[in-house]
Amino acid sequence: MKTNYIFKTVLTFLFTAFLGQQVNAQEFKLLVVDPVADTVTIKNFGSTTENVGSYRFCSLFGYRTLNTQTTVVSGSLNLAPGGEVTVSISGNWLNDSAADLGLYLPTGNFGTAANMVDFTQWGSGGNGRESVAVSKGIWTAGTFINVAPPYEFNGTVTDFGVGFWDTLLSVNDLDTASSFNVYPNPTNSILNIELNGSQSNLTFEVFDTLGKQIVIETLDNGNLSQIDVTSWNSGLYLIKISNGDKTETKRFIKQ
């Protein structure tokens, strides 16, 4: 009798812990996805600190575990309430033109809807684990993000689907060819901005991944300008050069 009681108590504890993991997991959302830079930002919309290090990504049936197969660019995998972490995935892992990205619990089959935490896809429908996201009720079959990357989620913890995804910043090319280059990228000190060709009356702005403006300046005369980013926080930034209503945006990483 005593053995049965202990056994039931252990089962109850394990079930409660599992249920708590499921509930807490739903508070994590993919916030920013940049397939060009191979970076992903996750946000904790919940009220408790949780470690997402053992969580997994799935894209086009390829898999990565956060704490062993990604590099933290900014933030911490131990996510505080309202906290964000940006990770970089090496090897050009995310397909730039069309792919899916699912965030998964630390264990369990990738084809099981209960193990998926969040999902998005871009470029086309029907990619990878779309059917799992549809089964879970967080995505509509055939829908996909159809704007320029990086992609940003602008909803709340209870919002799901392509309607809550948009481009991080509006991008309009200055010319058919790129009007400027930035290097070295990544950098931990000086970022060079090199203009391609003769340009005048240009301004540049730098934004973080949430669209907050960090810098706005007029470009110096000549084809090369520099920004000292030594004191900046590590992470992904976007630099936008404007000439009237025409703009071009590039991304760089501060190490």
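**Close-up 1. Contacts of Asn 78 in the predicted model.** Leaving aside residues up to four places away in sequence, Asn 78 touches Thr 49, Glu 50 and Asn 51 in this predicted model. Asn 78 and Thr 49 lie 29 residues apart in sequence, while their C-alpha atoms are 6.8 Å apart in space. Asn 78 belongs to strand E7, which covers residues 78–79. The relative accessibility of Asn 78 is 42%, and because this value falls between the limits of 20% and 50%, the residue counts as partly exposed.

**Close-up 2. The largest cavity and its lining.** A search of the whole structure finds 1 cavity of 30 Å³ or more, and the largest cavity holds about 40 Å³ of space. The residues that line the largest cavity are Lys 29, Asp 118, Phe 119, Ile 138, Trp 139, Phe 153, Asp 159, Phe 160, Gly 161 and Trp 165. Sorted by class, this lining has 6 nonpolar, 3 charged and 1 polar residues.

**Close-up 3. The largest nonpolar core.** The largest nonpolar core has 36 residues, of which Val 40, Ile 42, Phe 57 and Leu 101 touch the most other members. At least two residues of this core come from each of strand E1 (28–34), strand E2 (39–44), strand E4 (56–59), strand E8 (84–88), strand E9 (99–104), strand E10 (116–122), helix H3 (130–136) and strand E11 (151–153). In soluble globular proteins, nonpolar side chains tend to be buried together.

Technical notes. Residues numbered from 1 in each chain as written. Predicted model: local features only at pLDDT ≥ 70, side-chain atom pairs only at ≥ 80, totals over all residues. Heavy atoms only, no water. Helix = DSSP H or I, 4+ residues; strand = E, 2+ residues; numbered from the N terminus. Buried < 20%, exposed > 50% of the residue type's maximum accessible area, 1.4 Å probe, protein only. Contact = heavy atoms within 4.5 Å. 1 Å grid on protein atoms, 1.4 Å probe; cavity = no way out; pocket = protein on both sides within 12 Å on 5 of 7 lines; lining within 4 Å. Points joined across faces, edges and corners; volume = space filled by probe spheres on them. Nonpolar A, V, L, I, M, F, W, Y, C, P; charged D, E, K, R; others polar. Core = buried A, V, L, I, M, F, W, Y, C linked by side-chain atoms within 4.5 Å.
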